[in-house]
Amino acid sequence: MMQQNQKNKPLTYISLFSSAGVGCYGFKQEGFECVATNEIIERRLNVQKHNHKCRYESGYISDDITKEETKEKIRKEFDLWKKNHGVKELDVLMATPPCQGMSVANHKKGDELARNSLVVESVKLVSEFNPKFFLFENVRAFLNSLCTDIDGKDKKIREAIELNLGGRYNIHYQVINFKDYGNPSSRTRTLVLGVRKDMPEITPLDFMPTLQKERTVREVIGDLKPLEQMGEVDTEDIYHNFRPYAEHMLAWIEKTKEGESAFDNKDPKRRPHKIVDGKIVFNKNKNGDKYSRCYWDKPGACVHTRNDIMASQATVHPSDNRVFSVREVMRLMSVPDSFKWTDISEEDLNKLSSEKKRKFLKKEEMNIRQSLGEAVPTVIFRQVAENIKTSIQKVILDEKEAQNIIDTNKLYSVEKIKTFVKNNLEHYSYAELSKIIEFANAARLQHAAYYTRQDICFTVVKDLPDASNFSSLRILEPSVGAGNFLPLLIEKYKSVPDVQIDLIDIDPNAIEILKVLVQKLNIPDNFKINFINEDFLLFGRNGLFSTENTHYNSVVGNPPFGKLTDNENLLIEYKKNKHNSRTNNLFSFFLEKAISHADTVALIIPKSFLSTPEFNDTREYVAEFAIEKITDYGERGFKGIKIETISLILNTKKKGVDNQTLVESYVKNEIGFKKQKYICSPEFPYWLVYRDTFFDDVASKLKFGVFEAYRDRQITKRITKSSGRIRVLKSRNIGSNVIVDIPNYDSYVDEYDNLAIGKYVNHETAVLVPNLTYNPRACFLPEDTIVDGSVAVLIPKEETEVTEDNLAYYNSDEFVEFYRVARNYGTRSLNIDNNSVFFFGLAKTA
């Protein structure tokens with residue numbers, strides 16, 4: 001078993017734009033330690049001190065976050081925690097930057113670009129501190145608002161976050177109403193949740209707050225005593241108070257019923273107005289809910305900063321003729337009674353005389369109310385904190401432990417696996433059971449276990465079309481296995497009214513096991529799950545899966561990667577009507593069929609698809625469509641399996657012309673948009689997802705396509721010996737313009753007439769290059785030598801002259817970096833074939 005975090009280390013966080021710390025208080029409740037909190041308004045920061053948010057006084061930082069000295073103070077606090085508490089890395093960084101430039105409630109917006117750009121300061125500090133998790137909260141319009149990014153360019157905030165942090169973090173963006181997640185009042189907000197990509201099996205969805213039944217105003221404040229006298233303060237609770245207002249306003253609201261506004265009064269004199277030169281001038285009702293009385297038996301209205309006045313939005317008590325008291329607003333924002341607004345205890349405050357209570361409220365009430373109006377409800381951040389704590393402390397079921405469970409329980413038969421899953425639905429998570437099933441199936445069927453981790457599945461599901469695009473939705477997983485994508489698909493699309501997911505697998509036993517496993521999931525009533533035991537590549541031959549009657553919004557999955565070599569008749573069937581009939585690889589057939597049956601295709605496939613000649617025809621076909629996203633996992637997609645993988649997301653309803661492709665790299669920890677026609681340019685033999693200006697500059701100096709490549713497939717240890725007439729060179733023998741002699745490494749053959757490689761013996765212009773390497777080097781083929789398959793032989797075309805200077809260039813820093821881009825930063829997909837040999841260019845002559 002593998003634990004995410006070392007024991008006995010404090011859970012730590014940094015909070016930016018923290019106001020009075022109402023939201024952060026939820027982290028305190030869950031045992032997190034605040035390393036530093038930054039709030040520019042000192043009276044707000046003082047409230048945090050009253051709640052003992054930071055262990056050290058220096059952790060309270062009331063300064064402008066845009067200043068370098070402010071950031072340096074935060075760095076020093078983190079260094080202090082490293083020194084004093086053994087903290088090695090930050091757990092959480094949260095930020096709630098000012099939202100006035102984006103808020104629909106602000107009718108006095110000016111040029112708010114600079115204010116909105118404060119979110120970029122948060123992005124910078126996430127990049128610097130590299131916390132395990134980050135959390136941004138803001139208004140509904142947050143993501144589509146413009147900011148000035150780190151590069152000085154104006155971008156939408158979502159794009160700035162994604163491009164700066166998406167390389168290292170899996171990020172979830174969602175607009176939710178907090179009333180659906182445990183807060184008693186309506187508050188539609190944007191949450192941006194990020195989890196570092198080196199945290200296996202954790203996705204940002206894991207620390208979203210939990211969907212809950214709405215709570216009504218009556219349930220939350222119905223026990224508090226009515227307040228009928230203006231200025232009245234509850235003798236037992238100083239914060240339960242009747243805030244005074246101008247007496248003439250009483251007539252405006254006293255006759256209103258729940259849900260009505262003073263502007264609805266039939267009597268014009270009871271509508272909000274003022275007298276100008278003896279004439280009634282009616283007030284304007286810009287927001288539509290000014291002087292509006294709330295409902296008892298509905299969730300509370302959104303709490304705004306001006307919750308102190310009736311002229312604000314929905315601030316009037318359901319039955320009393322007043323705005324909500326401080327205590328009522330606290331409850332509507334789920335702030336616990338233990339939260340302190342002053343260093344004086346509530347017990348002592350309640351003992352004050354009526355006059356001193358009024359003086360205290362006159363001094364403190366507006367700061368409290370404004371702090372509540374701009375706060376994140378405590379219950380929301382507390383849930384996030386609890387979920388993050390669970391994720392950090394979670395013990396991950398690793399491959400070895402999964403195999404131990406399989407062996408201990410003898411999970412070698414379908415019935416054994418089904419019984420185990422059924423008996424352990426409460427003991428293990430869905431992901432853990434999926435992993436056990438995948439490994440048990442691998443042992444049962446004697447093939448490699450391709451368990452797809454939840455964090456990898458997330459990178460695919462997150463960029464599928466948004467739920468808001470659909471009123472009904474059809475999804476197909478064509479090779480479902482243990483259903484790794486299913487929990488995330490359900491979570492993403494739970495708000496769509498009608499969702500059908502068809503789960504196909506060729507193995508009937510896999511389907512039966514999955515039927516048991518899905519009992520672990522809380523499948524919403526709007527979902528219909530169909531289990532189908534069929535061969536996806538043949539499915540529809542009976543007319544049930546034709547394009548006309550079964551078209552899907554999305555096909556999502558991780559199809560089999562292997563080649564079909566033992567069933568010629570079946571292979572013929574698979575190849576029918578395929579653009580690429582030269583390959584025997586199953587994933588290529590899956591990809592083509594998925595394209596013909598879905599608007600969006602999202603599949604995890606081998607990285608070799610990007611470049612090998614075998615898939616030339618498939619790439620040409622796929623490039624006709626809009627490639628929305630390519631994610632390069634390198635070797636991090638499947639732990640313990642030495643294979644490089646990518647995922648593709650295609651929009652088949654849109655052509656690839658003028659499309660922008662999002663390229664995400666686990667290899668380089670970066671993400672960014674590139675023109676599809678740039679990375680899929682036909683001027684090169686395959687797709688170059690890392691192509692950049694450096695690559696283009698080098699390419700402009702070289703003439704490509706000057707060699708043909710050959711690799712031996714006959715020479716093995718069986719036909720070589722330790723001495724002989726013809727030396728057999730291997731990859732380690734190849735240096736830059738030199739043959740490297742290695743003791744006890746050489747092998748020989750006496751005859752080569754029956755070897756295809758023999759035709760190159762004593763070939764004067766043959767060039768040798770190590771095959772599987774991202775550190776290229778080259779030399780000419782020496783006399784009386786041949787090479788095995790670890791070395792590629794490059795033969796110049798026509799009368800091309802190749803010099804030692806040309807070969808020396810292949811080992812230069814410039815060409816080495818160029819070659820890495822040309823090979824898509826591969827580590828295993830590096831065979832030199834008739835595609836990749838193209839890039840061994842020669843310097844252009846003047």
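At roughly what angle do the axes of helix 3 (residues 68–85) and helix 5 (residues 118–129) cross, and within what distance do they come? In this predicted model, the two axes cross at roughly 30 degrees and come within 12 Å. The chain that holds this pair has 846 residues, of which 56% count as buried, and it contains 25 helices and 33 strands. Its C-alpha trace spans about 110 × 60 × 60 Å along the principal axes. Of the contacts in the chain between residues at least 6 apart in sequence, 70% join residues that are at least 24 apart.

**Helix packing**

- The crossing of helix 3 and helix 5 is right-handed, and the residues that meet there are Lys71, Ile74, Arg75 and Phe78 from helix 3 and Glu121, Leu125, Glu128 and Phe129 from helix 5. Sorted by class, this contact has four nonpolar and four charged residues, with no polar ones.
- A second pair, helix 14 (residues 414–423) and helix 18 (residues 508–517), packs with axes 9 Å apart and at an angle of about 10 degrees. Because angles under 35 degrees count as roughly parallel, helix 14 and helix 18 are described as roughly parallel to each other.
- On the side of helix 14 the contact is made by Val414, Ile417, Lys418, Val421 and Lys422, while helix 18 contributes Asn509, Glu512, Ile513, Val516 and Leu517. The residues of this contact divide into six nonpolar, three charged and one polar.

**Salt bridges**

- Counted by a rule that asks for a side-chain nitrogen of Lys or Arg within 4 Å of a carboxyl oxygen of Asp or Glu, the salt bridges come to 58.
- One of them joins the side chains of Glu30 and Lys389, with an N to O distance of 3.0 Å. Glu30 lies in the loop between helix 1 (25–29) and strand 3 (33–38), whereas Lys389 lies in helix 12 (residues 378–393), so this pair ties together parts that are 359 residues apart in sequence. Glu30 has a relative accessible area of 10% and is therefore buried.
- The side chains of Lys351 and Glu347 also meet in a salt bridge, at 3.7 Å from N to O, and here both Lys351 and Glu347 are exposed.
- In the salt bridge between Lys721 and Asp750, the closest N and O atoms are 2.2 Å apart. Lys721 sits in the loop between strand 26 (707–711) and strand 27 (726–729), and Asp750 in the loop between strand 28 (747–749) and strand 29 (767–770), so the pair ties together parts 29 residues apart in sequence. Lys721 is partly exposed, with a relative accessible area of 41%, and Asp750 is partly exposed as well, at 28%.
- A network of salt bridges links Glu162, Lys197, Lys462, Asp463, Lys629 and Glu664.

**Selected residues and their surroundings**

- Val329 is found in helix 9 (residues 326–332) and counts as buried, because its relative accessibility is 2%. Leaving aside residues up to four places away in sequence, Val329 touches Val303, Asn307, Phe324, Arg369 and Leu372. Val329 and Tyr173, which are 156 residues apart in sequence, are 28 Å apart in space from C-alpha to C-alpha.
- Ser581 is placed in the loop between helix 19 (568–575) and helix 20 (586–597), and its relative accessibility of 39% makes it partly exposed. Ser581 and Phe615 are 34 residues apart in sequence, and their C-alpha atoms are 9.7 Å apart in space.

- Most residues other than glycine have a negative phi. His52 is found in the loop between helix 2 (42–50) and strand 4 (60–61), where it counts as exposed at 54% relative accessibility.
- Ala314 likewise is not a glycine and has a positive phi of about 50 degrees. Ala314 lies in the loop between strand 14 (279–282) and helix 9, and at 14% relative accessibility Ala314 counts as buried.

How values were computed: Residues are numbered from 1 along each chain as its sequence is written. This is a predicted model: local features need pLDDT of at least 70, side-chain atom pairs count only at pLDDT 80 or more; totals for chains, interfaces and linings use all residues. Side-chain values use heavy atoms; hydrogens and water are left out. Axes are lines fitted to C-alpha atoms, for helices over the stretch in contact, and angles run from 0 to 180 degrees between N-to-C directions. Helices (H or I, at least four residues) and strands (E, at least two) are DSSP runs, numbered from the N terminus. A crossing is left-handed if the near helix is turned anticlockwise from the far one by less than a right angle, and right-handed if clockwise. Contact means heavy atoms within 4.5 Å. Ala, Val, Leu, Ile, Met, Phe, Trp, Tyr, Cys and Pro count as nonpolar, Asp, Glu, Lys and Arg as charged, and the others, Gly among them, as polar. Buried means under 20% relative accessible area, exposed over 50%, partly exposed in between (1.4 Å probe, protein chains only). Angles under 35 degrees count as roughly parallel, over 145 as roughly antiparallel, 65 to 115 as roughly perpendicular and the rest as oblique.
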